[in-house]
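Here is a briefing for a first look at a predicted model. It covers the ligands, then the backbone, then a few residues and their surroundings.

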Amino acid sequence: MLAFGVPDTLLASYGRSEAGRAWIAALPGQVAEHLEKWDLAPDGDVAAGEASLVAPVVRAGGERAVLRFQPPKEETRAALVGLRTWNGSGIVRLLDHDPANCTMLLERLDGSRTLASVADDDEAMGILADLLRRLTAVPAPEGLRGLGEIAAEMLDQAPQAVSALTDPADQQLLRSCAAAVADLVDEPGDRLLHWDLHYGNVLAGEREPWLAIDPEPLAGDPGFDLWPALDSEWDAAVATGDPIRVVHRRFDLLTEALGLDRERAAGWTLGRVLQNSLWDVEDGATALAPSQVAMAQAMLERP
Ligand SMILES: Nc1ncnc2c1ncn2[C@@H]1O[C@H](COP(=O)(O)OP(=O)(O)O)[C@@H](O)[C@H]1O
Ligand SMILES: [Mg+2]
């Protein structure tokens, strides 16, 4: 038996909807069932991000692993497709999964040491860039959503979101993001993207010093995969007094390491600002978030 309290981050993410509360209520039973089913012993305190519950376990043969629970949705199924395709190269290894609910048994990494613990930003970004280069070099397998479809959907939604914004400067910025996406929508790319590779989703490992976790894969252009890295530890970037300079330096490093066309990479990053802002507007926002404004400006005013 593993006793645990549901972490606050999960209550904040899922507590507001009926389905979310039902998922939380079912968690203890899910944990018990999977410990039994895969013959696992609990091995330490549970962890959580904003989306998932992660329980350290030991397999019958002594191998250290973690059980990861997340409400089944399209991104969770995509994660399984991606993890199988990458097969442990640069990313956490999938040991088993339950197709009924997307519960995963993953190799154990050091859950307490993310890339955010590396003090030098160039060093941390260099490590992330190398992982992202390897991950996005892989052609996307069948069965994932494609960036072409996602971009077309965003372009459909953009005009309404623009009119929901109250400040004309915000409206103009979101129009610029949409214009950049409109220029690229016909060449969406075909690589396997991680979608959420920020410092917190890179953990220290043993078979490789650092490994990615927590993918939400899609098929597309690697330029669409830079935003989480550019935005990593945003508060610290703001605290330097010049977050735009931090973004430019990271952008140079990433585009160089991945061998990307800078114009396209900037355009797809504006696509991520559009995607984030469409979600914010859907949630009721009437202004762009300051971090989205800064990122858009950094991409539109590159040196
Ligand atoms: N393979 C792993 N080994 C050890 N700890 C892990 C592993 N995967 C996740 N964790 C822990 O759980 C936390 C949340 O995991 P993550 O997959 O990023 O979920 P979320 O989608 O909620 O961000 C991580 O920050 C880490 O502390
Ligand atoms: Mg995470």
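An oxygen atom of ligand 1 is 2.8 Å from an N or O atom in the side chain of Ser52. That is a polar contact, meaning a pair of N or O atoms within 3.5 Å; within protein, one must be able to donate a hydrogen and the other to accept it, and residues adjacent in sequence count only if both atoms are side-chain atoms. The protein buries 88% of the 550 Å² that ligand 1 exposes when taken alone. Accessible areas here come from the Shrake-Rupley method with a 1.4 Å probe; for residues, only the protein chains shown count as cover.

The model is predicted: local features need pLDDT of at least 70, side-chain atom pairs count only at pLDDT 80 or more, and totals for chains, interfaces and linings use all residues. Residues are numbered from 1 along each chain as its sequence is written, chains are lettered from A and ligands numbered from 1 in the order in which they are written, and side-chain values use heavy atoms, with hydrogens and water left out.

**Around ligand 1**

- The side chain of Asn201 has an N or O atom 3.0 Å from an oxygen atom of ligand 1.
- The shell holds 18 residues, and the closest are Ala51, Ser52, Arg68, Leu109 and Asp214. A residue is near the ligand if one of its heavy atoms lies within 4 Å of it.
- Nine residues of this shell are nonpolar, four are polar and five are charged. Ala, Val, Leu, Ile, Met, Phe, Trp, Tyr, Cys and Pro count as nonpolar, Asp, Glu, Lys and Arg as charged, and the others, Gly among them, as polar.
- Ligand 1 lies between domain 1 (8–108) and domain 2 (113–300), because both give residues to its shell. The domain bounds come from an automatic or database domain assignment.

**The magnesium ion**

- Which protein donors does the magnesium ion (ligand 2) have? They are Asn201 (OD1) and Asp214 (OD), lying 2.2 to 2.3 Å from the ion.
- Asn201 sits in the loop between β8 (191–193) and β9 (202–204), and Asp214 in the loop between β10 (210–212) and β11 (218–220), so the pair ties together parts 13 residues apart in sequence. Helices (H or I, at least four residues) and strands (E, at least two) are DSSP runs, numbered from the N terminus.
- Donors are N, O and S atoms within 2.8 Å of the metal (3.2 Å for Na, K and Ca); water is not among the atoms, so sites may look incomplete.
- Asn201 is buried, at 4% relative accessibility. Asp214 is partly exposed, at 22%. Buried means under 20% relative accessible area, exposed over 50%, and partly exposed in between (1.4 Å probe, protein chains only).

**Positive phi**

- Most residues other than glycine have a negative phi.
- Asp39 is not a glycine, yet has a positive phi of about 55°. Its place is the loop between α2 (18–37) and β1 (40–42).
- Trp195 has a positive phi too, near 80°. Trp195 lies in the loop between β8 and β9 and is buried, with a relative accessible area of 15%.

**Residues in helices**

- Leu80 belongs to helix α3 (residues 74–86) and is buried at 5%. Its C-alpha atom is 7.7 Å from that of Cys102, 22 residues apart along the chain.
- Ala124 is in helix α4 (residues 121–136), buried at 0%. Ala124 and Thr114 are ten residues apart in sequence and 9.7 Å apart, C-alpha to C-alpha.
- Gly267 is in helix α10 (residues 262–282), buried at 7%. Gly267 and Glu74 are 193 residues apart in sequence and 26 Å apart, C-alpha to C-alpha.
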